[in-house]
Amino acid sequence: MEHQTTTSARALGAALKPRQLTMMGLGSAIGAGLFIGSGAGIRAAGPAVLISYLVAGTLIILVMWALGEMAAANPDSGAFSVYTAKAYGPVAGATVGWLWWIQLVVVIAAEALGAAGLLATIFPALPVWLMAFVFIVVLTAVNLTSVKNFGEFEFWFALLKVAAIVGFLLVGFALLFGWLPGVQSPGMANFMGEGFAVNGFSGIATALFVVAFAFGGTEIVSVAAAETAEPARSVKKAVRTVLWRILVFYIGAIFVIAAVVPVGSAGLKSPFAAVLDAAGMPGAATAITLVAVAALLSALNANLYGASRMAFSLAERGEAPRWLASVSKARVPVAAVLASVAFGIVTVVLELAFPEMVLGVLLNIVGSTCLLVWTSALLAQLALRLRADREGTTLPLRMPGFPWLTAVGLVILAAIFTVGFIGEESRPQLLSTFALVAVLAVGCWMNHRKRDAHPSVESSDGEKQPVRVD
């Protein structure tokens with residue numbers, strides 16, 4: 001895990017600011033899964049879902065530490081794909097990279113349609129298809145101009161989501177403490193007796209599988225580190241400041257929802273709006289809907305960025321078509337951006353033409369991708385850290401409690417996979433994702449066989465150079 005400047009970092013530049021990287025890490029974990037989907041976990045476990053969130057939050061802290069350690073030592077746009085390749089070989093690295101890319105481009109379509117659908121509930125006169133394409137075009141333009149513009153958009157998107165969470169926590173705790181005039185506090189009745197864990201341990205375990213996905217997206221920080229000035233210092237700051245904030249925001253928000261909204265309430269379909277309604281806040285549903293739209297658009301913006309950088313990195317390493325490694329004068333991988341968004345546009349068109357026949361299937365196939373990416377990150381960090389310690393390499397950021405905390409992360413992931421395979425609804429999703437991994441692994445292995453038979457010409461320093469497009 002030697003400290004070095006990669007070809008990716010030299011080709012793409014370093015226009016992202018430390019504040020943008022920090023807010024990106026914070027904002028990427030605060031998405032529609034929290035604003036809209038948190039009710040599913042509460043329905044499964046009751047207020048005991050807090051235990052599920054604490055376990056999942058612990059996991060993401062460990063993954064962030066592992067990724068931060070590797071990204072600080074070796075910032076690269078391929079991030080965990082590159083680290084897996086260094087630890088376990090190029091086929092493993094390419095498989096992880098392609099898996100993540102496919103997940104992101106499918107999710108881009110889901111986020112565009114989801115944001116358009118939510119906005120249509122407020123402005124029904126606006127066609128969903130038109131809004132979806134407007135969102136994609138605008139955010140593609142943002143990604144094509146410069147990484148600085150992307151970073152600034154993500155900064156303000158994340159700031160909006162953080163402000164919404166802070167405002168929600170202030171209102172929620174004021175409601176619980178009885179500080180709101182004319183509104184009776186619900187107290188802690190939902191946490192008392194058997195109502196705390198309505199379905200016992202099985203409910204907590206089921207909720208763990210559900211809530212783990214709420215933290216998906218935080219790994220993009222390790223990708224963005226390659227385009228950040230002073231990556232080692234920036235990653236250190238991002239990891240150390242983001243982790244406790246994620247836990248405060250998540251645990252705080254879920255605590256308020258679980259305390260205010262009963263397990264059997266229909267309000268869990270939109271839990272944030274239910275709390276604000278209980279607090280007597282007018283226009284709560286509209287406000288939360290707009291925040292959820294912003295959360296989806298923020299995720300779309302970040303996922304397009306992440307997908308394009310991963311495609312660039314794969315092409316740079318010979319794992320994808322060479323033309324995807326081209327960069328513009330603004331140091332943007334234009335071809336990789338357009339190729340990534342093209343898949344999303346095709347998926348949107350197919351979903352609109354054949355409702356509920358395309359996107360749902362694709363999302364089911366890639367639904368468990370983040371769990372496999374986190375597993376690869378922890379396994380890569382385990383191997384590379386042992387190698388660095390054995391060779392006496394000095395690392396700019398070291399994960400504390402190694403190797404025991406890395407092992408704890410892997411144990412939590414194993415538990416989540418076990419729960420997923422036991423559940424009848426989640427088992428097909430996991431099996432589909434594993435089947436996709438097998439197909440990708442075979443494809444990457446065949447690509448390497450072909451490359452070994454017909455080796456390409458490399459630069460004098462042994463690294464394939466990106467193509468410049470003016």
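Me: How are α5 and α18 oriented relative to each other, and how do I read that?
Reply: Axes are lines fitted to C-alpha atoms, for helices over the stretch in contact, and angles run from 0 to 180 degrees between N-to-C directions. Angles under 35 degrees count as roughly parallel, over 145 as roughly antiparallel, 65 to 115 as roughly perpendicular, and the rest as oblique. Here helix α5 (residues 49-73) packs against helix α18 (residues 404-422) at about 130°, with the axes 9 Å apart. The pair is therefore oblique. The helices themselves are DSSP runs (H or I, at least four residues), numbered from the N terminus.

Me: Which residues make the contact of α5 and α18?
Reply: Contact means heavy atoms within 4.5 Å. From α5 come V55, T58, L59 and L62, and from α18 come L405, V408, G409, I412, L413 and I416. By class, that contact has eight nonpolar, two polar and no charged residues. For the classes, Ala, Val, Leu, Ile, Met, Phe, Trp, Tyr, Cys and Pro count as nonpolar, Asp, Glu, Lys and Arg as charged, and the others, Gly among them, as polar.

Me: What should I keep in mind about the model and its numbering?
Reply: It is a predicted model, where local features need pLDDT of at least 70 and side-chain atom pairs count only at pLDDT 80 or more, while totals for chains, interfaces and linings use all residues. Residues are numbered from 1 along each chain as its sequence is written, and side-chain values use heavy atoms, with hydrogens and water left out.

Me: Is G93 buried or exposed?
Reply: Buried means under 20% relative accessible area, exposed over 50%, and partly exposed in between (1.4 Å probe, protein chains only). G93, in helix α7 (residues 90-122), has a relative accessible area of 0% and is therefore buried. Leaving aside neighbours within four places in sequence, G93 is in contact with S81, T84, A85 and R317. For a loop case, take S426, between α18 and α19 (427-453): S426 counts as buried because its relative accessibility is 12%.

Me: Which residues have the most contacts inside the largest nonpolar core?
Reply: A nonpolar core is a set of buried Ala, Val, Leu, Ile, Met, Phe, Trp, Tyr and Cys residues joined through side-chain atoms within 4.5 Å. The largest one here has 160 residues, and F80, F168, F272, L371 and W374 have the most contacts inside it. Beyond four places in sequence, F80 touches L67, V96, W100, E219, S222, V223, M310 and V373. F272 is also one of the buried residues of α13, a helix (residues 271-278) with six of its eight residues buried.

Methods
Helix = DSSP H or I, 4+ residues; strand = E, 2+ residues; numbered from the N terminus.
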